[in-house]
Each structure stands twice: as C-alpha cells, then as structure tokens.
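Here is a short briefing to read alongside the model. Take it topic by topic, with the structure open beside you.

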Amino acid sequence: MLSIIIPCYNSEKYIKGCLDSCLNNKYKFEIICINDGSTDDTLNILNDYKLKYNNIRVLSKQNGGYVSAIKLGILNAKFNYIMFMGSDDILLNNIIDNVCEEIITNKPDYICFNAQLNKKNQIQKDPDSCIEKYIFEGNISFSDLIKKYTTDTKIIFHRDTCKCFKKSLNIQYFGKYGIYGDDTFSIMNAASSYSFSFLPITGYQITIREDSISYNEVSGNKRVDSIYCLIKLVSFINKKKLNKIPNSYLQKYFNKLLSLLYNAICKDRMSLSLIIATKKVLFYSCFYCRTDLSKNMTFCFLFPILYKIVYKIKYK
C-alpha cells in the first residue's frame, strides 16, 4: 500500500530512531533505505534492521546526493503511494496507519499532515504546518483548492516530507541536493492532482541540525543547483498559469531566485546563458502571477549588464 523512502548518508547517530518510529503499524508498507555511499556504520545498521524486519529493504549506491537517492527509491518502490523521510527525522502519532486508512477510504492523489521541529532538543511548532481540520476534496483543481483553503494548504509549498504522493503521477525530481528541489517536487505533484486529503495530525518530527543542508547558507554548486530548481518551478507555474495561488507563496520563490542569482553572479561566476534564461522566466511570471514584480523586473533586465561588470572587475 505504501512505500517510505529514506535517503541515508553517514546517519549512524540517527537512523535507529528513524526506523524505530516507522515500525509496529498494522497496514502493509515497506521501508526503502538508500545508503548513499556512507563512510560510517550506517550500512551495517541498515542491514541489521533488514534481517529483523521483512518490510525493510536496503539499496546501496555511490554518493550522489539526496535527489539521486530519492530517485532510486522511487524507481524501486513496490507501491503506488510514496512518502519521504530524512534519516534523522521520526514519525509520530501512528501516522502510517492514519495515512493508510485515508488511502483505503478515499484514494486521494495527495495527502498532507502536520509536522513539528526538534531544534537542539527543543520541540517547536512548525510554522508551515497549519492544518487545523480534516479536509478531503475528491474533485478539485490545485488553484481552486488553494483559493478555498489558503491557510490549511500552506504546507504544500514547503518540503517533500509530511506528505504522501502518488508514484503514478510521474513527477520528475529536479536538482541534486534537494534544496528547493523538494518544494518544486511537492508543488508539481499538487498541481497535477485532483483529489486531496489534509490530516490535522502532527505526524512528523523534523530534526534541525547545524550541519544540515537546509540550516547552512547555500553557496557554490548548491546555489546553482537551487537556481536550477527554482527556474523549473517558476517555469512550471507559468506554464500552468497558476495565477490563483496566494501572492505571498509565489513571491517567496521569485525573491529567493533573484537573491540566489545576485550571489551567483558576484561569487560563483554563473554562466550568462543561465542568467538570460532566468530573465525570460521572470518576465513571463509578471503576466501570469498577479504579483507586484516591478522592482524585480527592473533588476532582472539588468542581470546581463551586472554580469559583465562583475566579471570585468572581479575576474579580469
């Protein structure tokens, strides 16, 4: 019924707690652990669990990053419904059983539930988890869903965890590191779905660590990878003409894309062709998304000039 995909890289300190939180549920599901070239004891721990539990599978590969591990998990998933977990996160409140019951009852294309944060052993509310009541919509477009349930659906625009997707939708996962690739994957799945379930259950705990990718400043190849994912996302939004999405959600991605581009020009020597492509993406965004992008548009048109100036001064 359900495949849970867990990318693992040097996770020996956390993976036991992660796996333990997934066990002892009554419905049929599998756990696919992707060992992404770990150099610590992660693989041995995974193999120990595999011997004890027949629903745990372990796949190993050379280190290639979060997204390559996710893709391998999706490719090997036995079931149509898939969930993702961080190897240092845990599930709460029998969420697997709750998700499986929702699948049996309504067979939605897309399922969301709430999360909480664990930051330095302090439990905090996840600001993006705003599902306050049970919602099921069996025949509704993504735009109409967002218009009807603005607050409850906020979590769609953040991360790829706390959600259950349909593998059969065949949505591509972009990028390498998962920075904004996770948002992009979540939104693209939602925009391709027509039935949705929102569970007002805190079913997931996100561990915030200082050495995690999401905690640190994005730079270098990770910055360029983030730009690539955001370009794909904004292009998708334009193509689908999702102009009913609340401006605050969309504006975040436009602003972040501009910020990343500015730093990429000044610090990473990003290629001019990528900058020009992004300029085109943002230009069309102005028409499809009812957002005040006048300042952004001005800055966008100045990108090629800024690029040449910075390169002439800094890299001559």
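Contact here means heavy atoms within 4.5 Å. Please keep in mind that this is a predicted model.

**The nonpolar core**
- The largest nonpolar core holds 88 residues, and Leu2, Val99 and Ile156 have the most contacts inside it.
- Helix α7, residues 220-240, supplies the largest share of this core, with 8 residues.
- Leaving aside neighbours within four places in sequence, Leu2 is in contact with a list of residues that includes Phe29, Phe79, Tyr81, Ile82, Met83 and Ile96.
- Val99, Cys100 and Cys164 are also among the contacts of Leu2, as are Lys28 and Glu30.

- You will find Ser11 in the loop between β1 (2-8) and α1 (15-20).
- Ser11 counts as buried because its relative accessibility is 2%, and the cut-off for buried is under 20%.
- Not counting residues up to four places away in sequence, Ser11 touches Asp40, Thr42 and Ser87.
- With Ser87 there is also a polar contact, side chain to side chain, at 2.8 Å.

**Cysteines**
- A disulfide is a covalent bond between the sulfur atoms of two cysteines.
- How many disulfides does a search of the whole structure find? The search finds 0.
- For Cys22, the closest cysteine sulfur is in Cys18, 5.0 Å away, so the two are too far apart for a bond; the cut-off for a disulfide is 2.5 Å.
- Cys22 is buried, with a relative accessible area of 0%.
- Cys130 also counts as buried, at 16% relative accessibility.

Definitions and conventions. Residues are numbered from 1 along each chain as its sequence is written. This is a predicted model: local features need pLDDT of at least 70, side-chain atom pairs count only at pLDDT 80 or more; totals for chains, interfaces and linings use all residues. Side-chain values use heavy atoms; hydrogens and water are left out. Helices (H or I, at least four residues) and strands (E, at least two) are DSSP runs, numbered from the N terminus. Buried means under 20% relative accessible area, exposed over 50%, partly exposed in between (1.4 Å probe, protein chains only). A polar contact is a pair of N or O atoms within 3.5 Å; within protein, one must be able to donate a hydrogen and the other to accept it, and residues adjacent in sequence count only if both atoms are side-chain atoms. A nonpolar core is a set of buried Ala, Val, Leu, Ile, Met, Phe, Trp, Tyr and Cys residues joined through side-chain atoms within 4.5 Å.
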